[in-house]
There are 2 protein chains.
Amino acid sequence: MTQELRRFKAEIFQALAHPTRIAIVEALRHGEMSAGQLNEQLGLEQANASQHFAVLRSKQVVVSRKEGNQVFYSLRDPILLEVLNVLKRYFYSQLSHTMSMLKEIRMDKGTLKK
Amino acid sequence: MTQELRRFKAEIFQALAHPTRIAIVEALRHGEMSAGQLNEQLGLEQANASQHFAVLRSKQVVVSRKEGNQVFYSLRDPILLEVLNVLKRYFYSQLSHTMSMLKEIRMDKGTLKK
DNA sequence: TGCTAAGATTCGAAAACTCGAATATACTAT
DNA sequence: ATAGTATATTCGAGTTTTCGAATCTTAGCA
C-alpha cells in the first residue's frame, strides 16, 4: 500500500510537472472556468491546451462539466492548492537562501579587493 | 516572475515525479542517510539509485555531504515533507471518494438484480 | 439540411526520461 | 603501488512527453 501510495503521489506530481498545467490549476483557484476562457487568459494554443486538460483529467486533478457548446473545468479537490502554496513558500526560502549566498560571495570579493 | 515561479514549481514536481525518488525523500524524513543505506533500505540498484540522487541534487531537493568513502544525503528543506503529507491526505480523500462510488455501484447492481 | 464555434483526438517528429551494463572516480587499507 | 569499497558518470535502447498540424465530434443556429 505504501508502494501504491508512492505511485499515486508520483502520478500527481507528474500531472503538475509542467508550467502550463500549473498555470491551469492556479487559474482554477477561484472556481471553474471554460476551456476557452483558460486558453485566452493563459495564451494557449487550443490543441495544446486540450492535451494538457486531458492529462489533468486523466490524473483526476480536474473535473469537467459540459454546458451546451462549452466545457467547464474545475479542481477536483482544492487541497492541491495547498501543495502549490507550500511550494511558493519553499521557492521564497530557496530564493533568500540563494541571495544570502550571493551576498556572501560579494562580500568575499570585497574583502579580497581591499 | 510568476512565470518563473511556475517553472520552478514544475521542476520540483518533476523531481518528485517518480516513485523511487519519493521513496528517497521519505526515507530522509528523519535525517541524513548514506547512499548505501538508502540503496539497501529501499532495495535499489546502485547505478539507478545514483541517477535518481543526481536528479534530486540537480533540482536542489537534497544536498550531499562527503565523509571519507561515503556520501550522505539529506533534505535541503524539510518543508517538502509537508507537500508529501498534503498529498497523503489527498490520496485518502480520493480513496474514500472512490470507495463510496463503488458502494453506490454495488447498491445499484443489488437493486437491479432484485 | 448545411454552417460555424468549442473542444477533443490523432499523428509524427523532436525532446526528455528511465534503466541496466559498463566504466570511471575517489577513498581506504594493505 | 595494488586491491577493494562506495559512489558517480556515460552509453545505448526503449519508453514517455510535448508540440503543432490536421482531423474529428458535438451543439447551436440559419
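Trainee: Which residues come nearest to DNA strand C?

Mentor: This is a predicted model, and the answer is read from it. There are 23 residues around DNA strand C. Those that come nearest are Gly68(B), Gln70(A), Gly36(A), Ala35(A) and Ser34(A).

Trainee: Which element gives the largest share of the surface near DNA strand C?

Mentor: Two or more residues come from each of α3 (35-42), α4 (46-58) and β3 (70-75) of chain A, and likewise from α4 (46-58) of chain B. By class, this surface has 15 polar, 7 nonpolar and 1 charged residues. The largest share is 6 residues, and the element that supplies them is α4(A).

Trainee: By what turn can chain B be laid on chain A?

Mentor: The shift along the axis is 0.0 Å, and the RMSD is 0.1 Å. That is the relation of a two-fold axis. The turn is 180°.

Trainee: Why can one say that the copies meet through the same surface?

Mentor: The contact takes 30 residues from chain A and 30 residues from chain B. The copies meet through the same surface because the interface residues of chain B are also interface residues in chain A, to the extent of 100%.

Trainee: Which element supplies the largest share of the side of chain B that touches chain A?

Mentor: In chain B, α1 (2-16), α2 (19-27) and α5 (79-113) each supply at least two residues of that side. The side of chain B that touches chain A divides into 18 nonpolar, 7 charged and 5 polar residues. The largest share, 13 residues, comes from α5(B).

Trainee: Which strands stand at the edges of the sheet in chain B?

Mentor: The sheet of chain B is open and has 3 strands, with antiparallel pairing in the order β1-β3-β2. A strand at the edge has a single partner strand, so one side of it is left without a neighbour in the sheet. The edge strands of chain B are β1 (33-34) and β2 (62-67).

Trainee: In chain A, what is the bridge partner of Val62(A)?

Mentor: Chain A has an open sheet of 3 strands in the order β1-β3-β2, with antiparallel pairing. Within that sheet, β2(A) and β3(A) are joined over 6 bridges. The bridge partner of Val62(A) in β3(A) is Leu75(A).

Conventions:
Residues are numbered from 1 along each chain as its sequence is written. Chains are lettered from A and ligands numbered from 1 in the order in which they are written. This is a predicted model: local features need pLDDT of at least 70, side-chain atom pairs count only at pLDDT 80 or more; totals for chains, interfaces and linings use all residues. Copies are superposed by least squares on the C-alpha atoms of residues with pLDDT of at least 70 in both. Two residues are in contact if their C-beta atoms, placed from the backbone, lie within 7 Å. Helices (H or I, at least four residues) and strands (E, at least two) are DSSP runs, numbered from the N terminus. Ala, Val, Leu, Ile, Met, Phe, Trp, Tyr, Cys and Pro count as nonpolar, Asp, Glu, Lys and Arg as charged, and the others, Gly among them, as polar. A residue is near a molecule or strand if its C-beta atom, placed from the backbone, lies within 6 Å of it. Two strands pair if DSSP finds at least two bridges between them.
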